[in-house]
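Hi everyone, thanks for coming. Let me put the model up, and then we can walk through it together.

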Amino acid sequence: MSELIIKSTGQMISTETIDGDIATLNLGPTHPATHGIFQNILKVDGERILSAEPTIGYIHRAFEKLAERRPYNQITPITDRLNYCSSPINNIGWHMTVEKLAGIEVPKRVDYMRVIVMELARIADHLVCNSVIGVDTGALTGFTYMFQEREKIYELYEEICGARLTTNLGRIGGFERDFNDIFHAKLNAFLKEFPVNFDEFDRLLTRNRIFMDRVIGAGPITAERAVEYSFSGPNLRAAGLDYDVRVMNPYSSYQDFDFSIPVGKDGDTYDRFVVRQEEIRQSLSIIRQALDKMPSGDFHANVPEFYLPPKEEVYRSMESLIYHFKIVMGETTIPAGEVYHSVEGANGELGYYLVSDGGRTPYRLHFRRPCFIYYQAYPEMIVDSVLSDAILTMSSMNVIAGELDA
Amino acid sequence: MNNEILTAFINEHTNNSAVCSVDQYDMLNVKINADQLIDLVDGLKNKQGFIYLTDICAAHYPEKVGAEFEVIYHLHNLIENQRVRLKVALAESDINIPTLTVHFVGANWMERETFDFYGVNFVGHPDLRRILNMDDMDYHPLRKQYALEDETRTDKNDTFFGR
């Protein structure tokens with residue numbers, strides 16, 4: 001019989017050994033199965049994991065320090081590189097934080113446009129995560145199909161901002177440009193084709209006996225434990241707690257949309273997979289609602305201190321020239337104060353704690369990064385399971401190295 | 001629950017020694033001393049349902065003598081959807097604060113990160129090591145005395161904007 005004991009450092013270790021031979025296994029930092037730079041020093045007895053010790057920080061880039069020197073609009077590219085699977089959510093979350101601090105009201109149309117972009121990003125992020133769970137169980141097919149769909153989402157980003165991965169999307173106060181006709185055509189095509197292909201992917205895995213046997217019960221966590229670890233996002237909901245920032249603290253007019261929050265029961269890999277699958281469907285529904293109800297109006301707020309004027313006006317009008325110069329040189333001042341704003345990122349509550357002393361840069365900026373907080377439960381979730389389940393648990397937790405290490 | 005009820009609870013719990021204020025974003029800010037932290041968090045968690053620790057971070061204010069550091073906690077009551085922000089000021093000479101890992105397992109890495117970047121000593125933390133920076137680093141990089149760029153550089157001097 002195995003017995004779990006908790007060491008004084010909070011680590012959980014298993015006392016079970018098969019023949020007394022314990023090996024130390026270095027899983028990572030660069031291992032094809034870990035999908036990023038994660039190191040775990042495992043003590044294994046055969047295939048069974050007795051203890052795990054994660055080491056993080058391999059791609060730490062000191063974003064919080066960098067942000068203390070950059071003007072507000074230049075911090076957006078930093079947020080791209082947090083969770084790079086869904087950069088637009090990070091960008092828009094940051095813009096909304098600054099808008100909250102500066103007291104900027106954006107038009108309703110901007111809210112709806114943001115909702116569309118953020119839900120597209122959520123779909124892209126969940127697609128990556130779920131199709132990679134398939135890869136880790138040996139089902140490569142779904143991955144290849146779903147990456148074609150993700151490609152279409154990236155093409156949609158390109159129409160809005162010109163970039164694909166690190167999008168730097170939108171501006172403080174709204175968008176840099178309105179949705180154009182090509183975007184609408186591509187989005188409509190996506191909304192028509194994607195559900196068909198997605199259902200095919202769903203049929204391939206969700207009720208597949210082999211897949212279910214493989215992932216049910218892998219890396220479980222209870223709701224109580226998940227809350228103690230401050231889990232958020234799909235991982236918390238898979239454990240059975242329906243906390244979603246979009247519903248709890250609606251931002252960007254999420255209260256206007258009708259959608260449901262899927263919850264799981266056991267918090268294992270299968271529940272996390274199924275919760276994400278359902279969230280993709282809900283996101284599609286939100287996008288359709290936003291398109292149907294899209295208000296008319298401007299695609300940015302009227303805030304010349306923060307929003308770059310059109311280039312042709314810079315050459316003709318004095319005010320535009322001044323504002324252009326001040327924004328580009330980072331001379332825009334912002335009220336002193338402190339603000340916490342959070343959005344529902346693709347993998348959890350993405351929070352921005354911003355302290356301003358009224359200067360041109362933040363005095364202090366802290367990112368509440370969901371992965372960083374829930375990844376510390378990883379050893380507890382894999383101890384006493386087998387190595388291949390540990391790989392599955394990591395991919396189903398959707399730990400993104402960029403966000404983990406900031 | 002709203003901010004008034006919560007303020008009344010906190011005032012009663014701390015014998016009016018906590019400084020509560022609601023900011024313009026409707027967030028209740030509570031300033032307390034380090035020795036009150038555990039007791040207040042215990043009360044908030046067990047009596048007021050603040051079971052979710054959203055975030056721990058710190059900030060450095062070198063010009064505030066005697067209160068150079070501030071550790072900031074965000075707690076969340078998920079049932080009634082109420083947030084609260086606790087702030088503890090610490091002097092650089094006595095940069096010790098009790099750990100919250102006894103109440104929230106998830107505080108472990110958040111406190112390690114705060115220690116890593118600001119050198120805040122969380123007394124009673126089970127494993128207070130650096131987390132993102134290298135183990136052999138001998139300073140705490142988010143403190144304000146460490147400028148982001150080498151201040152002796154002259155090739156980037158801007159005589160018009162002073163930076």
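Into which domains is chain A divided? Chain A has domain 1 (4-55) and domain 2 (63-302 + 331-405), with bounds that come from an automatic or database domain assignment.

Quick housekeeping: this is a predicted model, where local features need pLDDT of at least 70, side-chain atom pairs count only at pLDDT 80 or more, and totals for chains, interfaces and linings use all residues. Residues are numbered from 1 along each chain as its sequence is written, and chains are lettered from A and ligands numbered from 1 in the order in which they are written.

Back to the domains of chain A: their centres, taken over C-alpha atoms, are 30 Å apart. The contact takes 20 residues from domain 1 and 19 residues from domain 2, where contact means C-beta atoms, placed from the backbone, within 7 Å. On the domain 1 side, strand E2 (12-14) and strand E5 (48-55) each give two or more residues; strands here are DSSP runs of E, at least two residues, numbered from the N terminus. E5(A) provides the largest share, seven residues.

Now look at the open sheet of three strands in chain A, ordered E6-E7-E8 with antiparallel pairing; strands pair if DSSP finds at least two bridges between them. Strand E6 (337-345) and strand E8 (364-368) of chain A stand at the edges with a single partner strand each, so one side of each is left without a neighbour in the sheet. E6(A) and strand E7 (residues 348-356) pair over nine bridges, and A:Gly345 has A:Gly348 in E7(A) as its bridge partner.

Conventions: Helices (H or I, at least four residues) and strands (E, at least two) are DSSP runs, numbered from the N terminus. Two residues are in contact if their C-beta atoms, placed from the backbone, lie within 7 Å.
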